[in-house]
Protein chains: 2
Amino acid sequence: MVNKLLFKQMDVFTSKPFKGNPVAVVNCMDISEDEISSETMLSIANWTNLSETTFLFKPTDPTKSNYKLRIFTPANELPFAGHPTIGSCKAYLQFTDQIQTLKYIRQECEVGIIDLVSDVDTGIISLKAEKTDLDKLEADVVKLYQESLTNNGKPIKPIDSPYVLHVGPEWVVFLVEDSETCYNANPDFGKMAEISLKYGHSGIILAGKKSKFDENSSVLEMEMRAFVPAYNVNEDPVCGSGSIALIRYLQQKYNFSKTTRINISQGGRMTREGHIYAEIKVTSDGISYHCGGDALCVVDGVINV
Amino acid sequence: MVNKLLFKQMDVFTSKPFKGNPVAVVNCMDISEDEISSETMLSIANWTNLSETTFLFKPTDPTKSNYKLRIFTPANELPFAGHPTIGSCKAYLQFTDQIQTLKYIRQECEVGIIDLVSDVDTGIISLKAEKTDLDKLEADVVKLYQESLTNNGKPIKPIDSPYVLHVGPEWVVFLVEDSETCYNANPDFGKMAEISLKYGHSGIILAGKKSKFDENSSVLEMEMRAFVPAYNVNEDPVCGSGSIALIRYLQQKYNFSKTTRINISQGGRMTREGHIYAEIKVTSDGISYHCGGDALCVVDGVINV
């Protein structure tokens, strides 16, 4: 068994340290996967106390992907997750000294191969979403959630029907009037957790536009928040899969006929300043959903396993 | 302003990695305190997501202490804390290469000077508690807490009057019949948080003896748990100040006339295996309270500030 591995704690969806969403990345590319047990990985992820800790391995087939990623929360292993993928991809490029040279990266993980693009000039890494199905939320469940989503005791109304987005996590997307309504919400987390657990949802994505939507613009500015009280995280600082859920929902609502950029701010209520650069790509091949952001290495060293 | 500092994430009250209570330690001994702002320290502590992150500085007066420690939670600065002191002292000895040579260490922090002893042979570091006053808890408040401390819906009864211990944090100590009663408790954290906030308590220390108390023995084996839901930590894995509260309470109850060792196990319900070696020292100078444990460096590197 190993006892010393390279380690980075990355900050994701930010260019300023301590303003994004952290992920711990353990470099296992010089060992084989059977040299570190799932139990050990889970106990590391439980101990870092971060929403996710990831483990980079050699790819199963080097002709098909650059690396294999395993993703753990403090409680279990995940098939995929957004900000841990962006942060781990950046860490991979740093560990392997390819930050200036490798533009297209393929990540092997439990859901399959994730396509990533690294912009050498801006440092931004983007991923293409795999799964973006959605279902309308029943009116009685909407009503329950509304009672948990309050601002100074007043329930917050969605401006259109909320949907459940199946993007890996099961996000309920609530679009509200404007960014202030989103920013000022003070949810009843106990109530929200009960509803989420009852209906099998991961949590709520609350979002509002920063300015009036202009049909002719190909850029939309949004404020977003992600609540996951059913899984002991009242609020996630900056959320990749949440941004995918949001833009898929916006495509359902607006049916954009050209490629549209959605710039998302998140984390202000948690002293963070996250920026997600999401995109709905409309091409002759169809529509695809992308989310991207910067990531930087904050803690750099070794972990004694 | 600085941009790169030495960093260690220590595991405290354990000899096995990932089985204790983590604390992040930033080495600021090569800079002056005005080179890093309180805001930056707080934002680092908010980002690590650990219960505490500490910052080691040069001592104000090198003839009076070895180092100065500032301690931050994700929300605020603390005047003192137990496991962060043990972990930071061990990190100090490692950073300064004195682990084999320095036995008596004096830590400057907001509450004053803390005396620490490092056992070169066992690696165990012990601290002497500063503040150990206590007050009996009112019967109606005991009743309220009992309703929040349940096992399968049945309230858990204390075997003696609970007290509020003023050891820095304001711990309510609840002594129960045996270690199993302690281990199996499933508190209602929402209810407990409300009571703690209403009466100004930090949280609850629940403890039970592992074996029948033998008047002639100078060693007592205990199981302990620490609940802090009022401050968003349902359960703390292994708690130094809680152990001080517990042994002060036991001295009140048993009035030990000779030095007594209290070996405390904690963290089992959270997949940890913490060990605190606490001691009530009875000498001609009076009675003093000590807690100690091993600590090891798990993550070792730099932090980019």
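This is a predicted model: local features need pLDDT of at least 70, side-chain atom pairs count only at pLDDT 80 or more; totals for chains, interfaces and linings use all residues.

Modeller: The relative accessibility of Glu52(A) is 11%, so this residue counts as buried, the limit for that term being under 20%.

The surroundings of Glu52(A) can be described through its contacts, setting aside the neighbours within four places in sequence. The residues that Glu52(A) touches then include Val23(A) and Ala24(A), as well as Ile71(A), Phe72(A) and Thr73(A). Leu78(A), Ala81(A), His83(A) and Pro84(A) are likewise in contact with Glu52(A).

The corresponding helix may be examined in the other chain. In chain B, helix 1 covers residues 38-48, and its buried residues are Met41(B), Ser43(B), Ile44(B), Ala45(B), Asn46(B), Trp47(B) and Thr48(B). Asn49(B) follows helix 1 of chain B and has a positive phi, near 65 degrees.

The relation between the chains comes next.

In numbers, 27 residues of chain B are in contact with 27 residues of chain A. Between chain B and chain A an area of about 2,300 Å² is buried, and carbon and sulfur atoms give 57% of it. The count of salt bridges between chain B and chain A is 0.

Strand 20 takes part in the meeting of the chains. Strand 20 of chain A and strand 20 (residues 295-304) of chain B run antiparallel and are joined by 5 bridges. Within that pairing, Val299(A) has Ile303(B) as its bridge partner. Strand 20 of chain A also pairs within its own chain: 9 bridges join it to strand 1 (residues 4-12), again in an antiparallel arrangement. Here Met10(A) has Cys297(A) as its bridge partner. Strand 20 of chain A is mostly covered, with 7 of its 10 residues buried.

Over all chains, the count is 22 salt bridges. One of them joins Lys90(A) to Asp294(A), with the closest N and O atoms 3.0 Å apart. Lys90(A) belongs to helix 2 (residues 82-95) of chain A, whereas Asp294(A) belongs to the loop between strand 19 (286-293) and strand 20 of chain A; the pair, 204 residues apart, thus links distant parts of the chain. Lys90(A) and Asp294(A) are both buried.

Arg225(A) and Glu235(A) form another salt bridge, at 2.9 Å from N to O. Because Arg225(A) lies in strand 15 (residues 219-228) and Glu235(A) in strand 16 of chain A, this pair ties together parts that are 10 residues apart in sequence. With 3% relative accessibility, Arg225(A) counts as buried. Glu235(A), with a relative accessible area of 12%, is buried too.

A pair in chain B may be set beside these. Asp115(B) and Arg106(B) form a salt bridge whose closest N and O atoms are 3.1 Å apart. Asp115(B) counts as partly exposed, its relative accessibility being 32%, and Arg106(B) counts as partly exposed at 36%. Back in chain A, salt bridges with shared partners join Glu33(A), Lys68(A), Arg70(A) and Glu77(A) into one network.

Pro237(A) is placed in the loop between strand 16 (233-236) and helix 6 (240-254) of chain A. Its relative accessibility is 10%, so Pro237(A) counts as buried. Apart from neighbours within four places in sequence, Pro237(A) is in contact with Gly20(A), Asn21(A), Gln266(A), Gly267(A), Met270(A) and Arg272(A). Between Pro237(A) and Val219(A), which are 18 residues apart along the chain, the C-alpha separation is 23 Å.

Methods. Residues are numbered from 1 along each chain as its sequence is written. Chains are lettered from A and ligands numbered from 1 in the order in which they are written. Side-chain values use heavy atoms; hydrogens and water are left out. Buried means under 20% relative accessible area, exposed over 50%, partly exposed in between (1.4 Å probe, protein chains only). Contact means heavy atoms within 4.5 Å. Helices (H or I, at least four residues) and strands (E, at least two) are DSSP runs, numbered from the N terminus. Two strands pair if DSSP finds at least two bridges between them. Buried area is the accessible area (1.4 Å probe) that two parts lose on being put together, summed over both. A salt bridge is a side-chain nitrogen of Lys or Arg within 4 Å of a carboxyl oxygen of Asp or Glu.
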